[in-house]
Amino acid sequence: MNNEAIFKFRSISENEAFARLVVASFITPYDPTIGELTDIKTVVSEAVTNAIIHGYDGRDDQWVHMTLTMQNNVLSIEIRDEGLGIADVEEAMQPLFTTKPEMERSGMGFTIMEHFMDAVEVISSQSKGTTIRMSKHLASVQAECH
Ligand SMILES: Nc1ncnc2c1ncn2[C@@H]1O[C@H](COP(=O)(O)OP(=O)(O)O)[C@@H](O)[C@H]1O
Ligand SMILES: [Mg+2]
């Protein structure tokens, strides 16, 4: 059983919880393990928080885009903002790197995404925005489902 869903929501921090629930609902029919569910909700939180806090620098009237795809046992998640962009993606993805230490950010968002997902791709250009693409093979999805 393949599926796709596309959302856009305002850049307010409350929508982090919304996005977590949406992704959890999206994968529920595929019988994820508790571990998979927790990991996937966590990476969505990290990416959506980044879009709001860093991409839009706290502006609450912008759009965050989220596309969820399930195809051949692989969950793909795309989170996109049209915000400030990242000057140096390689540097930004280093563990503990943060440009907002004053907000007590941990600098571990990208590291968490890379740890919990099979693949993480970051496409960013300054003042145009950032797209995060992540994918994960769900062990729980039966091979005969298509
Ligand atoms: N969507 C985004 N738009 C602009 N900058 C971003 C975005 N996501 C991440 N960054 C940059 O990458 C850095 C590292 O992100 P992350 O690992 O999540 O750590 P943290 O959010 O704790 O700073 C951020 O401090 C920020 O500079
Ligand atoms: Mg972060």
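Biologist: Which residues does V23 touch, leaving aside residues up to four places away in sequence?

Modeller: In this predicted model, V23 touches I40, K41, V44, L68 and I77. A contact here requires heavy atoms within 4.5 Å.

Biologist: What makes V23 a buried residue?

Modeller: The relative accessible area of V23 is 1%. The term applies under 20%, and V23 is therefore called buried. Its place is in helix α1.

Biologist: How far apart are V23 and S11 in sequence and in space?

Modeller: They are twelve residues apart in sequence, and their C-alpha atoms are 17 Å apart in space.

Biologist: Which residues of helix α1 are buried?

Modeller: In α1, residues 14-27, the buried ones are N15, A19, V22, V23, A24, F26 and I27. They pack against the strands β1 (3-10), β2 (63-71) and β3 (74-81), and against helix α2 (34-55).

Biologist: Why do residues three or four places apart in an α-helix point the same way?

Modeller: An α-helix has 3.6 residues a turn, so residues at that spacing point the same way. In α1, N15 and A19 are both buried, as are A19 and V23.

Biologist: How is the packing of α1 and α2 described?

Modeller: Two packed helices are described by the angle between their axes and the distance between the axes. For α1 and α2 the angle is about 145° and the axes are 9 Å apart. The crossing is right-handed.

Biologist: Which residues of α1 and α2 meet?

Modeller: From α1 come N15, E16, A19, R20, V23, A24 and I27; from α2 come L37, I40, K41, T42, V44, S45, V48 and T49. By class, this contact holds eight nonpolar, four polar and three charged residues.

Biologist: How do you know that V48 is buried?

Modeller: V48 has a relative accessible area of 0%. That value is under 20%, so V48 counts as buried. It lies in helix α2 and touches F9, N15, E16, A19 and I79, not counting residues up to four places away in sequence. V48 and S11 are 37 residues apart in sequence, yet 8.5 Å apart in space, C-alpha to C-alpha.

Biologist: Why is N50 called buried?

Modeller: N50 has a relative accessible area of 17%. The cut-off is under 20%, and N50 is therefore buried. N50 is also placed in helix α2, and it touches G55, R105, F110 and M113, again not counting residues up to four places away in sequence.

Biologist: Why does D31 count as exposed?

Modeller: The relative accessibility of D31 is 58%. Exposed means over 50%, so D31 counts as exposed. The residue belongs to the loop between α1 and α2.

Biologist: What is the phi of D31?

Modeller: It is near 50°, a positive value in a residue other than glycine. Most residues other than glycine have a negative phi.

Biologist: What makes L96 exposed?

Modeller: L96 has a relative accessible area of 61%. That is over 50%, and L96 is therefore exposed. L96 is found in the loop between α3 (89-92) and α4 (109-116). Its phi is positive, about 75°, although L96 is not a glycine.

Biologist: How many residues surround ligand 1, and which are the closest?

Modeller: Ligand 1 is surrounded by 18 residues, the closest being H54, D81, T98, T99 and G107.

Methods:
Residues are numbered from 1 along each chain as its sequence is written. Chains are lettered from A and ligands numbered from 1 in the order in which they are written. This is a predicted model: local features need pLDDT of at least 70, side-chain atom pairs count only at pLDDT 80 or more; totals for chains, interfaces and linings use all residues. Side-chain values use heavy atoms; hydrogens and water are left out. Buried means under 20% relative accessible area, exposed over 50%, partly exposed in between (1.4 Å probe, protein chains only). Helices (H or I, at least four residues) and strands (E, at least two) are DSSP runs, numbered from the N terminus. Axes are lines fitted to C-alpha atoms, for helices over the stretch in contact, and angles run from 0 to 180 degrees between N-to-C directions. A crossing is left-handed if the near helix is turned anticlockwise from the far one by less than a right angle, and right-handed if clockwise. Ala, Val, Leu, Ile, Met, Phe, Trp, Tyr, Cys and Pro count as nonpolar, Asp, Glu, Lys and Arg as charged, and the others, Gly among them, as polar. A residue is near a molecule or strand if one of its heavy atoms lies within 4 Å of it.
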